Structures are given as structure tokens and as C-alpha cells.
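Notebook open, structure loaded. I'm jotting things down as I look them up.

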There are 2 protein chains.
Amino acid sequence: MPILQAVVNIAELLHQKGITDVVVCPGSRSAPLTLAVARHPRLRVRVMADERSAGFVALGMAQQRRQPVAIICTSGSAVYNLAPAVAEAYFQQVPLLLLTADRPHEWLYQQDGQTIDQVGIFGNQVKRGYDLPADYTHADARWFIERTLNEAINLSRLSPAGPVHVNVPLREPFYPTADEAFTYERVRVIDVLAAPPTLPTETWHQLLAVWDRTERVLIAVGQLPCDPAMLAILKKFSDELGVPVVGEITGNIPMNDSFITKGDTFLSGLTDSAGQGFRPDLLITIGNSFLTRNLKTFFRQYPAQQHWHIQPTADRINDSFQSLTTLIPAEPLPFLEKLFADVDYQRFLQGDDEDETNGFLSHWQAADRLAAKLVQQTVSDPGDLLTDWSAVQLVLDQLPEGSVLHLANSMPVRYANLCGIHERQHISVWGNRGVSGIDGCLSTALGAALITDQLVTVLIGDVAFFYDRNALWSAPVPPNLRIILLNNDSGHIFRIIDGPSRQPELEAYFETPHGYTAKRTAEDAGIRYQSGNTIESLRSLLPDFFQPGPTAALLELTTDKLANQQLFTRYKENVKTQISPKL
Amino acid sequence: MPILQAVVNIAELLHQKGITDVVVCPGSRSAPLTLAVARHPRLRVRVMADERSAGFVALGMAQQRRQPVAIICTSGSAVYNLAPAVAEAYFQQVPLLLLTADRPHEWLYQQDGQTIDQVGIFGNQVKRGYDLPADYTHADARWFIERTLNEAINLSRLSPAGPVHVNVPLREPFYPTADEAFTYERVRVIDVLAAPPTLPTETWHQLLAVWDRTERVLIAVGQLPCDPAMLAILKKFSDELGVPVVGEITGNIPMNDSFITKGDTFLSGLTDSAGQGFRPDLLITIGNSFLTRNLKTFFRQYPAQQHWHIQPTADRINDSFQSLTTLIPAEPLPFLEKLFADVDYQRFLQGDDEDETNGFLSHWQAADRLAAKLVQQTVSDPGDLLTDWSAVQLVLDQLPEGSVLHLANSMPVRYANLCGIHERQHISVWGNRGVSGIDGCLSTALGAALITDQLVTVLIGDVAFFYDRNALWSAPVPPNLRIILLNNDSGHIFRIIDGPSRQPELEAYFETPHGYTAKRTAEDAGIRYQSGNTIESLRSLLPDFFQPGPTAALLELTTDKLANQQLFTRYKENVKTQISPKL
């Protein structure tokens, strides 16, 4: 393979740079890349036919690995099928390395098959796009390829991580002869030393001075992967410094005696004086997107005097609460650890090292307990009638300890956030909240199950499930995947949110009922299928469902969309009558 | 709806500009567009949940309408799911109007849901991308929207037709109140007068002078929609002027006594002297991409002294045979009609108005007959053993007269081209040969069936079928759709083409067998399902299968990939031993 040696070497470079997993989508133009990774003794390669699904599978794998996963696809529209997952990875900050085969550029607009303009095709939805040369005879071309792959892999990891695109034009002939052996040459690895942003001592003094003269500090946590160290430091802020820590299920902020997790419930419909009561003077935010509108609206309506947002890079102002005053270029965990230590030491110096017990924290916590109780009562209200919400509550309660949970858009993640998960369950929660599409939720969960040994449960609605059912088609479905399908035969969210539910076009143009059940899809995929439509049946099925078994399993829960809507309406009324007046 | 009146008016403008069909993908941000078209009394709206499939459905509809079809989708990754169909439409020159809802731009990079950088998102795969303002209070903004929609629709139609993107940022509130009526205001229609490119008389004299001194003229036809007028003039060139007309099934060049349709068979493995015997002095090409490699390779290896390519615009040099000398900016049909008339008149003036009978045409036609006979013999060779190829032959033979045929990539379209369709069958042939992906072949055929009253048959392999099975999911499947599924349980083309078939990775990394049959998919979709695995069963099923009925029907033919490969190998040997030596 001497002509394509530079391409063969890419596989070795992936390995040397610490990439362990590659997803391959079959194609002919991409054959040199496919063969290079398939024959490499140290790369684990998985093959999937549908590029859209494959992209999300790679995303789910990269989330678990916390390392870039490489994807290989052929030229033409195959590349565009990766784009939904690329966008999600970019905004969710998950590292992917996209290796797209291409025709040499001289064939563009020459009526050649599978030839589109692939240079820069992912636009601003990748951290950077590279284009390799089609000829490697000149040593500088080989230097360019090796250097570029090094840079691309480094870049995908650099915080904030994300997808990087390397377009690989390949000239014929690109197949080895039948008996030709591949040799992986020694490649040059170019590392980048870690150099996290470091605030000068003087800056720390300034921040501490602000802290010191501030009464009400609040930390709000957007989407973050599960991290025990993060939870530990956040708990200290709450327990020892009296700082409310407000979070959501997608930020892996669990329910315990400290954290505020029911903001979505009690922050709606506040009177102005109640709102002022919850307003922080200093707001500190970390993480990616916030899930719930009520929380976002609250922080916009009651802006803090100072708002610090902690993010690793300073190039973009993320001002999602419209109140930002200071962008702090830092990794959230070390920043919070040092902030806590400094504040704690300052308090020690001031002889003030008792745990803070201010009214601000207890005000938030009291509201949170009130809301938790109301949610609990409301969701169990319909008795034995199974609704999407009560199903989610039951499933969350019974999740195996230490397992992985994927929450699909659009209603499952919202119901799950209303319910919450308790700290003692040690659940790692994921959801595609970068772009919040329904297009790859099942594939992402499947990707996770390919990597982790833990049980992976995905809570998903029927539209998202059938949209992405090709996740179950080409690869063997990993046996540790558990799919809980909430089938209300429609895009249920449109009945729950205000706007479309008032339109006569609701059913025909928004919900679009389809009449499908997942039974045949599960049978085709060779996974265990069970169904239920009562609380009782769900309760009896779950213990066995969560047992390890030889195949993946799908539990389809049929609910009535009108009953779901009624429960949600009752919930909103209860909030209005039982929560808001007490705040 | 006064705030969003400018958006509501878009629906009226679509209607006034002659657009009749809209495909809507459900979403909330896109609701104003959805409601505007849904409530418009003169637009026909269809709803599909999977945007990837919806894009191709719109493509298939636009092919039949020969008019732009509008697509509406919500913001975020939904937009990217349209991209595969957009690329195909661009390179196949099919008009589409893409109306993508967006968040107002101030929300980009603010951790807001379903927000990606949608401006110019389709890159060079659309004719142009527009971005509307989010605020319409200023009269100039409303002027901009109205003018832009006019321009976008005009542009999508202007030859060569293609997709045009209009990004529509929408600010909240964007739902009408429950009882709010829509008023469609009077809109301003800005037409573009037709002004086809016109060659000056002097130029025609020069072209005719070249023609006059040229002995061997040949016309080669790339992909073109079925057009009886085009067939009529091409037949005249062949029958009256002795010009070989070389075409393929995707160019709607049928088998008759005139046309050369077996080039793929007899143009392979030519000796140099045989190649010289087929070489034209003047090559005239029309249409889009050519399907078969043998044909393309022949024209590259034996370049004509002069090569005229006829295409409506002059901005790009399409030199796919690497022999172009003159780009003629003209619509192919009027150009050929005038060329024929002028040549004919010149011959009349020269007293030379007998039909030309030169040896060049008869040489091509003799080879074509030889090849046709060999194909016929080879394909019927395995007797009652059903192969993909023999199945295609039988299906093509029995297609209802005047019906529509969709040929999926990658092997079905190749087998079908080897077989050919006879002129008397009056079949209109379509295939996604713009980018040649497998990602939307079923959806495109379904889109066609939604528009035409004719029976629409799609010939499709198993990978393309399952890849795109969401075509059958959300909309009612039109009863005039007939799916012939060639299920060899793999990406069979990789076993047929040379490169991958020689690799030990063939099955695991290229073919990727999946074990699926379409039975359950068909049952889910509520369409009639039958299967067969012998010539005899196919022969007995087809007459009934092609009868009109209350539902669509799917006929799954199970074939053995090794038998398919053996037949193809035998075919290539037969060509080598029985055709090449005789040329």
C-alpha cells in the first residue's frame, strides 16, 4: 500500500494519540481508511450502515470514554448524514474526529457520483475543518497530513472539547491487492502540554473581596457529566457556606438534603416580592445548557447584581441569563475548589469558621421541599392509571444503583427532571441537550452501552424512538441496553406546551399520531420485548427488566395522551394554588 | 397574527407563485410557517416527522410536479437532517424551497435549545441561501421578506433548477391566540420573464460548418427526465442523420431500433483498434451524470476531436469526459431541434436529403445488438434460480405501460441499466444520480407516488431500503406505490466491484449482513407484503402485484449473494470471450 501509506499511518496515529474506538460506515471511497483501522491490532472498530445513527453512536461512546471517537464515512451525502450528531457534539462539547473520504477535488462539479463540496461542510458546527491533499508523493504533503491529524486530535480534546473534521480526498487506485500486507510506519506524535487558564493572585483577591461583601451567593449548574468531585465541592458550598446550589437532572445534580432540584416547579408564577426573595446578589454559573424554562426565566427576571460564568475559554460571551458581568476563564471544578478553600481560609482568619446558616439558603431549600412534596403527590394522584410522568417516576425510583441513564428529548427529560434522582442511587445522567434534537437519542444511548459495563437505560418517547430506530439495525445491540419507550402515539410535547395545544391543527400538524408499536422493531432487532399499560404491570415488570441478560430489552409503556395532558394541567394548577401563595 | 403577518403572507406568496405542495416537519419554532400553510385554502400540505425522509419525499414530489416543492422544518439539527436531500436536489437540479425556522440570531451560542448556526448552512449545496429578519415592524423589513421569497422561488426554477434556502428566524410569541383568524394579505408577485440563452446566427453558422466537415458525430445523453419530444428529436438524429445516440436508463433512453443502450456492456475491455472504431470526431453531450463507468472511461480514453456540451448556464465547465472543447449555453431540447432543422435544410440545399446511412452508426448499432443478445442470454442462464439481475429483468419486462419507475442506488440502477426498458413500455425513469446516495431512494419514490396517479415502482436493495424505512412511517403510504425489494442481506455492490471483493474484510466491514426481512416493516406501515425466492414465484406474483389496490405493496425477493456474484462474474467472462473479440 505504498501509495496510500500516509493514509494507513492515520490509523497508527489514532492509536498513538490514545484513540481506542472507531465507528466505520461502509463505503468504497473510504476503503483505505476502513482497512487501515480494521487491520490495526489496537483499534476497536464497529460498523454501522446508517451514518446518522453512527454519528450519534460515536457521540455516546465518546461521552463514556471521555476521549475522542473517530468516525469514518464515504463521500457524498453520507457526510451530511453525520451532521446532526456533529452539531449535537459541538454544542454538548463532546470530542469526535470525523474522517470523511472524498473524491479528489478535481472531480467536483464534473457529474461524478457521490461528489459534493465537502471542504468546510460542517460550517460553524465543528471546532475546525481540515482538508488533506490527494497526493502524498511530496514529503511536505506527508508532513502536512501527520501534523494535521495531530492538531485535529489535540483540538478535539482541548477544553471545551468538540468535533473536528478532517476531509480525506482519495485518488484511485485505493484498494490494496488481494495479498498485500499493511505496514504501520512509525508516526510522529505531537503532544500539547496541558496549560489550564490560571487567574493571577490579584484577581483572586478581587473575587474574594466581592464574595466577602456579598450576602446572597447562588451557584446554578447547567448540563455537566456526572462527577463525584464536583458534587463534593458543591455540597461544601451549600453546607458550609450557605450557598444554594441550583441544578437539574441533566447537570447531574441529584436530590439530597442540600441541593435545589425543583426550581422548575417553584420558580414559576412568582409574585415580584417572592421573586425578590430568591434573587441572589452574586450568581455563579457553570456547565452547559439549562433544561427548564422556568429556571432560565427566573434568572433573567431577577438578575443578580454580579454574575460570574466559569468556562474554560474566553472567546465567546455566554450570557444566557442576560445578566453576566464577569466571564471567568477557568475549568469549573478547580475554580470552585480554590474558591472554596480561599473563602474558607479567609473565614478561618476572621475567626468565622462555623458553617454559615443564612436565611437565603433555607428559603430556597424550604421551597424545594415544598415543591418536591407537591410533585410527589401530583404524580401519584391518578392511582393505578399509568401516565408518562408516573412511569418515569417509577422507573427512576427503581434504576439499578450506579447505572447509566439516557434521557431523550423532548418530554422524557422534562418529566425526569420534575421527578429527580436521589444521590444515593449514583446514577450517571446523559441527554442530548447541546442541540436538543430527537434525532439521535436512541443511538447515543446505544453508543454508551457499547463502552460501559454498567446497565444503560434510555427513557424515550415514541417519535424519538421511531425516528432513530436504525440505531437497532446494523450493529449487534449491546445486552446492557434497556429501552423504556413511552408510547402515547404522538409528539406529546405539543399537547403539553401552551402554544400548539390551543391550535385546531394540534393533532394533524404537530402531534402526528402514527399508530406504531415497537414490538416488530424489537423483534427485527432481536431484543427482548415487553409491554405494559398500568402502574401495576410496570411495577411487576421492572425488577426483571433491570436484571442483566443475554440481550438488550425494550419495555413499551402505552399511555393515553389525554390522561397525560390532564395530569400536567392538574400539576400546573396545584403549583398555582399550593406553591406560589406560600412563597 | 399581526406581528407575524409577514410570515403568514409567505403562504400566500407560495400560492401566487405557483407552488402547490408543501411538506411540513412538526416543530414548535416553525409553528407560524406551519399554521400559515396549513390554513391556506390552496396549498396541499403533507406532514412527516423524519426530516431526512421528508426532504427526499419533497424531492420526489418536485420531480413529478416539475415545480418547486416547499419544505418547512424547525430549528436546530432538524435542518441538518434535510441536507442529504438538499445535496441530491442540487446536483440533480430539482427545485426545492427550504423554509427553516430559526431562533433569532441573538440566541446563538447562548446555550439555547435547538440553536445552531443556520445561516448558509447548506454551503455550496444550494443555489443560494437567504436569511430573513426576525423583526418586521419596519416596512423595509417586510419589503425584504416579500422580495426575497420572490427571488428565492424564481431562482429555484431558473435553469438549472435547484434547492434554495430561506432561513426564517422567529421571535416569541409566535403562536396565535386560540380564536385568532389568519388573514392572507395581498402580496406582490415579482415575475422573471423567460429569456433562454440564444446563440447568434453567426455562431450557428460556425457550428454548422464544423458539423458539415465532420464525419463521425455522436450524441451521448446523461441523466434526463423522460421527455417524448427529446426522444423524437434524438431519433431523427439517429435515423435521418446517421448519428449514434448513446444513452442509459437514467437518461430515459429506451431500447428501440435506433438508440445505443448497451454501451456499459460492449465498451469494456476494448482493444485500441476497436476503441478507435467507436471514437466520434464530434461528441455532443446533454443531460446530467452518466451512470456507467465503462461509458465514461471509453469517452475519456478515446476523446473526440471536438466535444460540445449543451447546458443552460455557462458559469461552470463540466468536463466529465476530459475532452470538452465548446460549452454551449442552451437548453438541450431547443438546441437539438434547431441543430437538426439547420442541418436538414443545409442538406436539402445541397440536394442531399436522403437518410444518412454511414458505417459509424451501423457499427455502434451492431455492437449494441450483440451486447443485448449476450445480456439476454446471460441473465436467463441460471434457469429458475432467482438472482437480483434476473429479478430486475422480469420486473422491467412486466412494468405496467406508462408507469413510473424509481431505481435505487447502488446495484438496482446498474442491473436495470444492463437490462434496459423498451420504448413501447413508455416508462418514466428516475433515480437519485445527483449524489448517488442510498439514503433517500425509498422516500423519493414515495414522494413521486403522492403526486402522480400512475403506478410508481421502486426497485431497491436491502441496505437502501432499511436505511430509509422511515419513508413508510409517518405519512399514509400512497396506494400506487410498489416496492420491489432485492434482499441479499448485504451491501451487495461491494462483492460485485473489484476492490472490496478481494479484501478479507469484505463481509464484516463492507457488506455488513443484518439478517432483516421487510415483513414486519411492511406490517407496521400497513402495506401489503409478499415474498418470493424463485423465478417462478416472481413470475406468478407480478401480475397481481402491479394491479391497482387499496394499499401500497411490497414484494421482497430473497436472493443469494454468492449466486448473484457468480452470475456477474460469468457475465464479465462472457463479455470478454464473446463480445470484445468481435469488435
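Are Phe237(A) and Phe340(A) buried or exposed? Phe237(A) is buried, and so is Phe340(A). For me, buried means under 20% relative accessible area, exposed over 50% and partly exposed in between, with a 1.4 Å probe and protein chains only.

Housekeeping before I go on. This is a predicted model, where local features need pLDDT of at least 70, side-chain atom pairs count only at pLDDT 80 or more, and totals for chains, interfaces and linings use all residues. Residues are numbered from 1 along each chain as its sequence is written, chains are lettered from A and ligands numbered from 1 in the order in which they are written, and side-chain values use heavy atoms, with hydrogens and water left out.

**Aromatic pairs**

I get 56 aromatic pairs over all chains. Rings of Phe, Tyr and Trp (its six-membered ring) pair if their centres lie within 6.5 Å; planes under 30 degrees apart count as stacked, over 60 as edge-to-face and the rest as tilted. Back to the two Phe: the ring centres of Phe237(A) and Phe340(A) are 5.6 Å apart and the planes are at 70°, so I log the pair as edge-to-face. This pair links distant parts of the chain, with Phe237(A) in helix α7 (residues 228-241) of chain A and Phe340(A) in helix α11 (residues 332-349) of chain A, 103 residues apart. Helices here are DSSP runs (H or I, at least four residues), as are strands (E, at least two), numbered from the N terminus.

In chain B I looked up Tyr90(B) and Phe91(B): centres 5.1 Å apart, planes at 85°, so that pair is edge-to-face. Tyr90(B) and Phe91(B) are both buried. I also found one aromatic cluster whose members include Phe266(A), Tyr302(A) and Trp364(A).

**Charges over rings**

My criterion is NZ of Lys or CZ of Arg within 6 Å of the ring centre and within 35 degrees of the ring normal. Arg316(B) lies over the face of Tyr109(A), 3.3 Å from the ring centre. The charged end of Lys338(B) sits over the ring of Trp204(B), at 4.9 Å from its centre.

**How the chains relate**

What rotation superposes chain B on chain A? It is 180°, with 0.0 Å of shift along the axis and an RMSD of 0.0 Å; that is the relation of a two-fold axis. Arg520(B) is the residue of chain B that comes closest to the axis, at 2.8 Å (C-alpha). I also noted that 100% of the interface residues of chain B are interface residues in chain A too, so the copies meet through the same surface.

**Tyr509(B)**

Tyr509(B) lies in helix α19 (residues 506-511) of chain B. At 17% relative accessibility, Tyr509(B) counts as buried. Leaving out residues up to four places away in sequence, Tyr509(B) touches Pro26(A), Thr34(A), Ala38(A), Val45(A) and Val47(A), where contact means heavy atoms within 4.5 Å. Tyr509(B) and Phe494(B) are 15 residues apart in sequence and 9.9 Å apart in space, C-alpha to C-alpha.

**Helix α14 of chain B**

Eight of the nine residues of helix α14 (residues 411-419) of chain B are buried, so this helix is largely enclosed by the rest of the structure. Among the buried ones are Met411(B), Tyr415(B) and Cys419(B). Gly420(B) follows α14(B), and its phi is positive, near 80°.

Terms used:
Least-squares fit on C-alpha atoms with pLDDT ≥ 70 in both.
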